Amino acid sequence: MIPVLLLVFCVPMVVTSYKIAEYGSTIESQIHEAEKEIHAQGVALEHLVRAMGYGGFIHQFKNLILRHDPNIATPINLRLQEVETALNTLGAMPLSKQDLIAVAVIKETVADYKNSFATALQMIEQNHEIATIDKAVKVNDEPAFAALSFLEESWQEARTREMEVYKNTKAAATAVYWSQIFVIACFLVLVFISYRQAKEKGLQLAEVVDGAAEGIISIDSKGNITSFNNAAERIFEFSAKEVISNNIKLLMPENVAKHHDSYIKNYMSGALPKVIGIGREVTGRRKDGTHFPMNLSVSSSGGKKKFFTGIVRDITEEKKALQELKLSNRIINESPDLIATIDANYRITQANTAFAKAFASNETTLVGTNFLTTVGSKFDQDLVRQEADRCFSGEIVHVTKRYYHQKNKQEHLALQYLPMVDSGNKVYQIIFLAQNVTELKNGEESLRKLVKRLDLATRSGGIGIWEWDIVNNKLDWDDRMYEIYGVARSKNDESYEFWEKAVLEEDLPQLKEDIDKALEGIADFNSSFRIRRPDNTTRHIATKGIIQRNQKGAALVMFGVNIDVTEQEEQQLELVHARELAEQANKAKSDFLSSMSHELRTPLNSIIGFAQLLETDTESPLDDNQRESLKYILKGGKHLLSLIDEILDLAKIEAGKLTLAVEPVDIHRLIDECLSYSKVLAEKNDISIEANIDEALPAINCDRLRMKQCILNLASNAIKYNNPNGKVRLSCHSLDADRVRVAISDTGIGIPQGKQTELFSPFNRVGAENSGIEGTGIGLALTKKLVEEMGSRIGMESQPDIGSIFWIDMPVSKSPAMEEPDAQKKILKNLNIGKTQRLLLYIEDNPSNLALMTAIVDKLKEITLISAHTAELGIALAEKYNPDLIVLDINLPGIDGNMALNILKSNPQTRHIPVVALSADAMPESIKRGLKSGFQEYLTKPLNIAKFIDVLRQLFDGPQHGISQSH
């Protein structure tokens with residue numbers, strides 16, 4: 001009975017034990033194999049999504065087309081390698097038939113992109129338009145992304161099936177347990193252990209997820225987070241507890257989060273996905289609110305109740321590395337050295353511009369070509385192979401070769417072959433680097449010559465070289481230093497004190513201060529001083545030095561030079577003295593010109609002034625003979641005045657004191673004015689004058705009055721030196737966009753070739769002195785200097801008995817001509833000032849000038865004249881009679897006119913009276929100074945009576961001063 005009972009209990013026990021062991025083994029085997037394959041497949045898929053999608057080779061390919069930037073080719077090649085690696089890995093896995101078809105679709109699309117990539121590079125090199133390139137390299141990648149989405153869903157389903165295996169096995173084991181309760185009771189411990197092992201194996205998949213380097217996040221169809229692995233916690237700095245059950249928008253920037261719900265809704269309704277099943281670069285948000293770039297791949301799974309799993313990778317460092325790679329590629333490409341990389345099959349994988357230029361090609365066409373053939377065209381191909389093979393064996397190779405560049409120019413190249421090894425310490429490619437060392441080779445001979453020349457230069461230039469050992473306080477001098485200091489070389493190094501004793505005592509403090517500043521690093525050592533040599537002669541020394549320091553910044557050695565600048569110092573003193581003499585001479589010249597102007601203009605004032613009165617006298621008119629004589633007086637006076645003005649102008653130009661008002665000027669208006677003056681002179685000399693002026697002429701840059709003076713001078717000469725009934729032609733046209741030419745031609749006597757070079761010299765009339773034609777010999781010299789001062793050019797051509805042509809080329813202005821006020825063309829029909837009686841005080845010490853003013857005022861019935869011959873008397877008369885106007889000479893005995901003006905303006909009784917200067921000092925500086933000091937007007941002698949009358953009218957139109965009845 002017992003054996004039967006034992007059999008009854010043991011058989012089920014054995015069967016149950018076998019079942020449990022069988023199921024335990026099945027659980028362990030299935031979980032282990034499934035998790036291994038699923039994990040590997042997931043990693044390969046993640047790499048494939050990252051390398052293809054946003055930031056991957058397709059995205060970079062489109063950037064290449066948009067930016068026309070060949071540098072983007074490098075990251076495209078890297079991404080293509082990643083895609084091919086991931087596809088090969090997937091293809092080697094035990095995938096389903098549908099999965100393998102999906103992989104084949106992706107491979108076909110990648111192949112199309114590779115072909116388009118080569119075409120795009122070629123079209124960019126040929127500088128095609130972006131639209132043309134985009135159309136030519138268009139690839140339909142929708143099937144590839146659909147296949148990629150299918151693979152992701154297949155992977156998700158595989159993960160789900162893996163979990164189902166565990167659940168089914170657990171259910172079977174539980175059924176056996178309840179059907180064989182007695183047996184399970186007997187083997188409770190064994191079942192418990194098996195169950196725990198099965199549970200641990202089942203949880204291994206979760207451990208794999210938590211141990212993944214990428215963040216893995218799952219959400220439901222409402223966007224709520226259902227799982228959040230350890231990597232996600234590190235990336236977003238949230239714990240899983242903080243985000244589980246919260247909406248995924250918590251991890252997004254605000255501008256993206258507000259659209260996320262619509263993305264899921266659209267996807268659920270069948271719209272094309274923007275992220276799901278595709279993958280792209282997006283922006284994430286950390287717990288502290290900061291944003292960062294990340295690569296996101298999202299896949300969906302489940303039936304009606306879908307959930308989504310996202311794989312997140314922080315690409316902050318990757319983007320930084322990509323930027324550094326771009327910079328590195330740019331540096332390499334712009335390097336003057338020849339750089340290329342070669343793989344194990346001797347194919348060139350990358351080449352910079354210098355390399356391509358050296359071998360008569362370009363970077364794009366060189367990639368993929370045979371390195372030995374390319375480089376062997378310039379060097380021995382067998383030797384190049386040997387050098388490359390040595391490098392592939394791990395050796396760094398250095399060689400120097402002669403190289404014949406374009407136009408058979410020989411150069412020297414230093415070649416280096418540098419091995420690049422992988423993690424297994426195997427050389428997978430080498431870097432070829434060639435540096436042009438022609439200059440270095442040629443420099444050896446140049447250096448030898450340079451040393452010889454330097455020694456010669458230091459000797460001839462009085463340059464001594466020294467070295468000061470600061471630590472030991474010793475000096476090392478070259479031979480030239482001993483020559484400069486006039487002492488013999490000693491056997492040992494000199495001491496610092498030896499040098500210090502040679503320096504003049506009064507120069508030593510400043511020199512020591514300069515040395516101390518250099519030692520402290522405050523300033524460079526750059527100083528000068530004097531030394532006393534043993535022969536008691538003094539020499540001037542200029543010195544410079546640089547300091548060598550240790551790592552802590554302490555001064556160790558100072559290197560420098562001493563330059564004997566004694567001769568230069570003496571020459572500088574002579575130059576200073578010469579400059580002072582020149583300034584004194586210039587001042588004396590200015591004083592002379594001012595004095596000459598005053599002395600000449602004073603008598604001319606009377607001559608021309610009285611002549612003008614006689615000419616306009618209607619009460620006692622002159623007879624014809626007197627009028628003819630008066631004409632010569634006026635003509636001679638004006639000629640003398642013109643001579644004085646031209647001499648002063650010429651002197652001012654040479655002294656650099658002429659002030660010009662260069663501005664945009666209307667050339668048409670300027671020429672019209674010159675023609676109106678010239679036609680009057682031409683009619684008097686029986687000369688016909690014609691003009692040929694282009695209608696469309698730009699404004700020119702010049703001083704309007706001075707340029708008018710120059711053109712009139714040339715026109716006057718063309719009229720004066722013409723033949724009877726001759727012709728003068730004035731033309732104006734544009735030479736080019738920057739110059740306008742005014743040309744004046746005549747049919748006159750012409751100028752011999754041998755005398756044309758003297759034409760622009762002052763006081764040289766080139767043989768016309770005895771011709772009877774008026775002239776000073778200054779006009780052309782002054783014209784040339786004025787033209788050149790205004791930035792213009794003057795020139796001439798002449799043939800004896802045919803005529804001459806003079807021209808001025810003027811610069812075109814970039815601005816329109818300035819508006820010019822209408823010229824005051826007032827013709828004095830009479831000398832009436834007004835109906836109100838006026839009192840004029842004239843302060844003048846010259847009797848003839850006073851007589852002229854009296855004669856002028858006698859013609860003005862409404863003006864009463866009182867006069868004073870000194871400023872002191874004039875001031876007293878002004879206080880007593882309160883005149884309506886004071887005319888004041890500047891050069892007076894005692895108090896001069898300027899001081900008298902100050903006294904009048906500071907006196908409350910006279911400060912309201914307008915004061916007009918009338919002076920023979922016609923220097924521009926004097927006129928400017930006079931107007932600035934307070935003169936109402938500054939008139940010069942000889943007095944222009946018409947202008948004086950005009951000034952009186954303007955002043956008397958102002959506030960009435962009132963004259964007492966006693967006047």
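The protein chain contains 30 helices and 28 strands, where helices (H or I, at least four residues) and strands (E, at least two) are DSSP runs numbered from the N terminus. This is a predicted model, in which local features need pLDDT of at least 70 and side-chain atom pairs count only at pLDDT 80 or more, while totals for chains, interfaces and linings use all residues. Residues are numbered from 1 along each chain as its sequence is written, and side-chain values use heavy atoms, with hydrogens and water left out.

Of the 967 residues of the protein chain, 41% count as buried; buried means under 20% relative accessible area, exposed over 50%, and partly exposed in between, with a 1.4 Å probe and protein chains only. Among contacts (heavy atoms within 4.5 Å) between residues at least 6 apart in sequence, 61% join residues at least 24 apart.

**Nonpolar cores**

A nonpolar core is here a set of buried Ala, Val, Leu, Ile, Met, Phe, Trp, Tyr and Cys residues joined through side-chain atoms within 4.5 Å. The largest such core has 42 residues, and those with the most contacts inside it are Leu 48, Leu 90 and Ile 106. Two or more residues are given to this core by each of helix H1 (2–52), helix H2 (57–67), H3, helix H4 (97–125) and helix H6 (142–179), and the largest share, ten residues, comes from H4. Leaving aside neighbours within four places in sequence, Ile 106 is in contact with Leu 48, Met 52, Leu 87, Ala 144, Ala 147, Leu 148 and Leu 151. A second, separate core of 40 residues includes Cys 674, Ala 682, Ile 751 and Phe 806. In soluble globular proteins, nonpolar side chains tend to be buried together.

Helix H3 (residues 73–91) has 19 residues and reaches 27 Å from its first C-alpha to its last, close to the 27 Å expected at 1.5 Å a residue, the expected span being 1.5 Å times one less than the number of residues. Its buried residues are Ala 73, Pro 75, Ile 76, Arg 79, Leu 80, Val 83, Ala 86, Leu 87 and Leu 90. These residues cover an arc of only 150° around the axis, which puts them on the same side of H3; the arc is that of the directions from the helix axis to the C-beta atoms. In H2, the buried residues include Phe 57, Ile 58, Gln 60, Phe 61, Asn 63, Leu 64 and Ile 65, and just after H2, His 68 takes a positive phi of about 55°.

**Charged side chains**

A salt bridge is counted when a side-chain nitrogen of Lys or Arg lies within 4 Å of a carboxyl oxygen of Asp or Glu, and by this rule the count comes to 24 salt bridges.

| Pair | N to O distance |
|---|---|
| Lys 517 and Glu 513 | 3.4 Å |
| Lys 708 and Glu 673 | 3.3 Å |
| Arg 729 and Glu 690 | 3.9 Å |

Lys 517 and Glu 513 both lie in helix H20 (residues 508–520), four residues apart, about one turn of the helix. An α-helix has 3.6 residues a turn, so residues three or four places apart point the same way. Lys 517 is partly exposed, with a relative accessible area of 34%, and Glu 513, at 36%, is likewise partly exposed. Apart from neighbours within four places in sequence, Lys 517 is in contact with Ile 522 and Ala 523.

Lys 708 and Glu 673 form a salt bridge; Lys 708 lies in helix H24 (residues 704–720) and Glu 673 in helix H23 (residues 667–684), so the pair ties together parts that are 35 residues apart in sequence. Lys 708 counts as buried at 14% relative accessibility, and Glu 673 is buried at 17%.

The salt bridge between Arg 729 and Glu 690 joins strands: Arg 729 lies in strand E20 (residues 727–734) and Glu 690 in strand E18 (residues 688–693), so the pair ties together parts that are 39 residues apart in sequence. Arg 729 is partly exposed at 35% relative accessibility, as is Glu 690 at 47%. Elsewhere, Glu 506, Asp 507 and Arg 530 are linked in a network of salt bridges.

Asp 703, found in strand E19 (residues 700–703), is buried yet has no salt bridge, and the nearest side chain of opposite charge, Arg 706, is 5.3 Å away. Not counting residues up to four places away in sequence, Asp 703 touches Thr 659, Leu 660, Ala 661, Val 662 and Met 790.

Note on methods
Lys and Arg count as positive and Asp and Glu as negative; His and the chain ends are not counted.
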